[in-house]
Protein chains: 2
Amino acid sequence: MTLDAVLARIDADLPQATDRLLDLLRIPSISTDPAFKADCDTAADWLVADLQSLGIKAEKRPTPGHPMVVGHVDGDGPHLLFYGHYDVQPVDPLELWDRDPFDPEVQDTASGKVIRGRGSSDDKGQLMTFVEACRAWKAEHGSLPCRITFFFEGEEESGSPSLVPFMKENAEELKSDLALICDTGLFESRVPAIVTMLRGLLGEEITITAPDKDLHSGMYGGVAMNPIRVLTRILASLHDDEGRITVPGFYDGVPELPDEIRQQWQGLAFDHAKFLGDVDLSVPAGETDRTPIEMIWSRPTCEVNGIWGGYTGAGFKTVLPSKASAKVSFRLVGDQDPHVIRDNFRKMVQDALPADCKVSFSEHGAGPASITETSDPAFEKARVALSDEWQIPAAYVGCGGSIPIAGYFQNILGTTPMLVGFGRDDDQIHSPNEKYDLESFHKGIRSWARILDALT
Amino acid sequence: MTLDAVLARIDADLPQATDRLLDLLRIPSISTDPAFKADCDTAADWLVADLQSLGIKAEKRPTPGHPMVVGHVDGDGPHLLFYGHYDVQPVDPLELWDRDPFDPEVQDTASGKVIRGRGSSDDKGQLMTFVEACRAWKAEHGSLPCRITFFFEGEEESGSPSLVPFMKENAEELKSDLALICDTGLFESRVPAIVTMLRGLLGEEITITAPDKDLHSGMYGGVAMNPIRVLTRILASLHDDEGRITVPGFYDGVPELPDEIRQQWQGLAFDHAKFLGDVDLSVPAGETDRTPIEMIWSRPTCEVNGIWGGYTGAGFKTVLPSKASAKVSFRLVGDQDPHVIRDNFRKMVQDALPADCKVSFSEHGAGPASITETSDPAFEKARVALSDEWQIPAAYVGCGGSIPIAGYFQNILGTTPMLVGFGRDDDQIHSPNEKYDLESFHKGIRSWARILDALT
């Protein structure tokens, strides 16, 4: 059977595939920080060259931000598109990394071998699972099994500002029968999963200005308004005592969970005590009348992701600062409209400002939630293929994260997205010491080979 | 008349005196930052050498922190002590300085010549007014007019941790008839003033920890407690809607202003519209039932001087951080006990912590307020001398700042402190572009010569 040959080749080629991934991980393609612009470009070039080595017509496509990588290969049967992103999160606090985040290596750990380095799981390692499956397939068959479009983005970690315009401008080229997206994880680090419910994401940065310069708190303290006092009052008011978010109209469009989904999720026996215990917590922090799995998969959130103002160095300085800032993000579900929520949030902040204070806002992305229709038989075929590889029945699940591109494929291109990924809860994505289990990488590649076989 | 000769010499020597001050300002003696420890030592050495050049037996005296400088000169008449501090505030945000803070110069401005640089006003420039007055006196008379002890500290901007132990250990040596302290300003930048009411200062740093590592807000947002949310709620609760501070027992020991003082302050016709307008504000931020001058001179305050947590760089990072921190200071009046308030503040924070959250505290100084008894005839003599120099009747005033040393002289040594200084409201002490008017420096030197003459 030819699938067996492809899987055997994947097994034999794993050391070389790992070396290729380490190569890609060495490129510090942090998209959010302009200092790394050239590195993002280098990562795109690397991918173009790698796709070309598989006989794929690939090229770097400019955008106002970091470039897209688009590749095409012809073939019979369904037209598949594969999406991944080559950019990575910033690495600070750097002092918490055990090694240089961009000097990756394979490490032995108590729970097996891991690939350690920024982007190993999110998303370079996951992106390469599909590329390596294609490489093995082509080596055994001489060609890929069907028409495939490769579509790699370099701005996913910075709100994807160029993505929607690029998809609209190139809609005909990017339309396909099914969009495969590899940027999610195994359920409970164990169960292969197809994610069918994703939260949206709205990012806002706010800066409050009170006096027009930093002041001495001895001279002005008590009489001049302190912007940190204003900012903390506003941020503290974003949640009520029951953990509900207070932005006016915030819950408009938030659906109640259908009973059958609720029952299915209960059947997953999610261990929230372990999930929280892993990070030294025990009590869920969200709405008091919701279960933890509902909070993560189906309820909207508001989090302050960063705050700063005044003197933050060693020692003490009795400054009364001129400015204080925060980065705030909202995870969205159902039909919540990110643009309406942005407007309402800004109005709420404006209305809460005391006399003399000013506020400025800057945008950091606004993507709605998405729910995937799974009636296409490809879903059940992929689910069976995943179950065969992992020897555990694969599940349709929700996901707390936000992959706005899933919604864009559906809404802009009319293409159904299928989200399959192999990350684990302890991969520390967005944190120091990010890793990707070698097993995730290996079985991830094998999973895609099985899915390609099942769909063609 | 010999005073005239001293004043004439001060006038003639002003360029050289200014050069000496510029020399001292070039030493970046930031006491709060360990990176500048050697520079603090260098500033102390500079002062020892300068005092020795006046025939004063001066030496650097070690402490667990930065050294003290102590000098003695014998003489008849009263025994005076002069206190100043040679350490300076940090300089960040550095990008807001128009020139290197430690490359000082004399600049022409619309309102006259100024000495620009960190420490020019707080406190190196003020400290040197007295030293230069002594230099001119000695040059004219061959000796100083009375027994004088010079006492310079290097930790005033970082909470003076070594000061009280040093004063206690050297109490006999430091006792005098009157302690002259030059670290205050002209009232409304114009009226010579002796400060008789000073606020105390309590500094606390708090760090809230929720999860034990930084998390991805997509995976954990909504279900894991965010320490920024906890910190902002706690900080926002420190003031009620009327601007009163909510720490339990905070107002214990806060006296009501005596009627005669209230009337005297009303007579000063403080222009709070201009005071706030200078920094682009218009509405006083303190207790709604107090006048601005009361808020600054006689009411306690609570200010957040710094806050930080999560991702604060360019762009956006959807991190749910493990920790969030703030620096909080309280200005104290009357008999408020800084140690009791520290305990009550810490308990209030502890009591407000949700499940799973931890808090750690670190101390940054705790000094009580002080009110000076002005019945010693030296006060009226000094007031007249100041009035003569500035050609404006000098006033006894309050001060929003905290100079805990005033209380220490009174309580530890039994020496009455007399606070005379020549700073102006726009000196930008603790801020970028700190300056000291050349007029403040010049007339400050002349003021001390007149005071020395009047007291001896």
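The model is predicted, with local features requiring pLDDT of at least 70 and side-chain atom pairs counting only at pLDDT 80 or more, while totals for chains, interfaces and linings use all residues. Residues are numbered from 1 along each chain as its sequence is written, chains are lettered from A and ligands numbered from 1 in the order in which they are written, and side-chain values use heavy atoms, with hydrogens and water left out.

**Interface of chains A and B**

In chain B, 89 residues are in contact (heavy atoms within 4.5 Å) with 88 residues of chain A. The two chains bury about 7,900 Å² between them, 54% of it on carbon and sulfur atoms; buried area is the accessible area (1.4 Å probe) that two parts lose on being put together, summed over both. On the chain B side, Val223(B), Phe316(B) and Lys317(B) lose the most area to chain A, together 10% of what that side buries.

Four salt bridges cross this interface, a salt bridge being a side-chain nitrogen of Lys or Arg within 4 Å of a carboxyl oxygen of Asp or Glu. Strand β11 (residues 301–310) of chain B supplies nine residues, the largest share of the side of chain B that touches chain A; strands (E, at least two residues) and helices (H or I, at least four) are DSSP runs, numbered from the N terminus. Strand β11 (residues 301–310) of chain A pairs with β11(B) in the antiparallel sense over five bridges, where pairing requires that DSSP find at least two bridges between two strands. Within this pairing, Ile307(A) has Gly309(B) as its bridge partner.

**Buried residues and a buried strand**

Leu54(B) lies in the loop between α2 (37–52) and β1 (57–61) of chain B. Leu54(B) counts as buried because its relative accessibility is 6%, the classes being buried under 20% relative accessible area, exposed over 50% and partly exposed in between (1.4 Å probe, protein chains only). Beyond neighbours within four places in sequence, Leu54(B) is in contact with Val131(B), Cys134(B), Arg135(B) and Lys138(B).

Ser29(B) is placed in the loop between α1 (2–25) and α2 of chain B, and is buried at 0% relative accessibility. Its side chain reaches the backbone oxygen of Tyr86(B) at 2.8 Å.

In chain A, strand β17 (residues 417–420) points Pro417(A) and Leu419(A) one way and Met418(A) and Val420(A) the other way, and all are buried. Strand β7 (residues 178–181) of chain A pairs with β17(A) in the parallel sense over three bridges, whereas strand β8 (residues 193–198) of chain A runs antiparallel to β17(A) and is joined to it by two bridges.

**Salt bridges**

Over all chains, the structure holds 86 salt bridges. Examples are tabulated below.

| Side-chain pair | N to O distance |
|---|---|
| Arg233(B) and Asp241(A) | 2.6 Å |
| Arg262(A) and Glu294(A) | 3.4 Å |
| Arg26(B) and Asp23(B) | 2.9 Å |
| Asp278(B) and Lys274(B) | 3.0 Å |

Asp278(B) is partly exposed at 40% relative accessibility, and Lys274(B) is also partly exposed, at 48%. One network, joined by salt bridges that share partners, includes Arg244(A), Glu256(A), Arg262(A) and Glu294(A). Of these residues, Arg262(A) counts as partly exposed at 26% relative accessibility, while Glu294(A) is buried at 4%.

Key. Polar contact = N/O pair within 3.5 Å; in protein donor to acceptor, adjacent residues only side chain to side chain.
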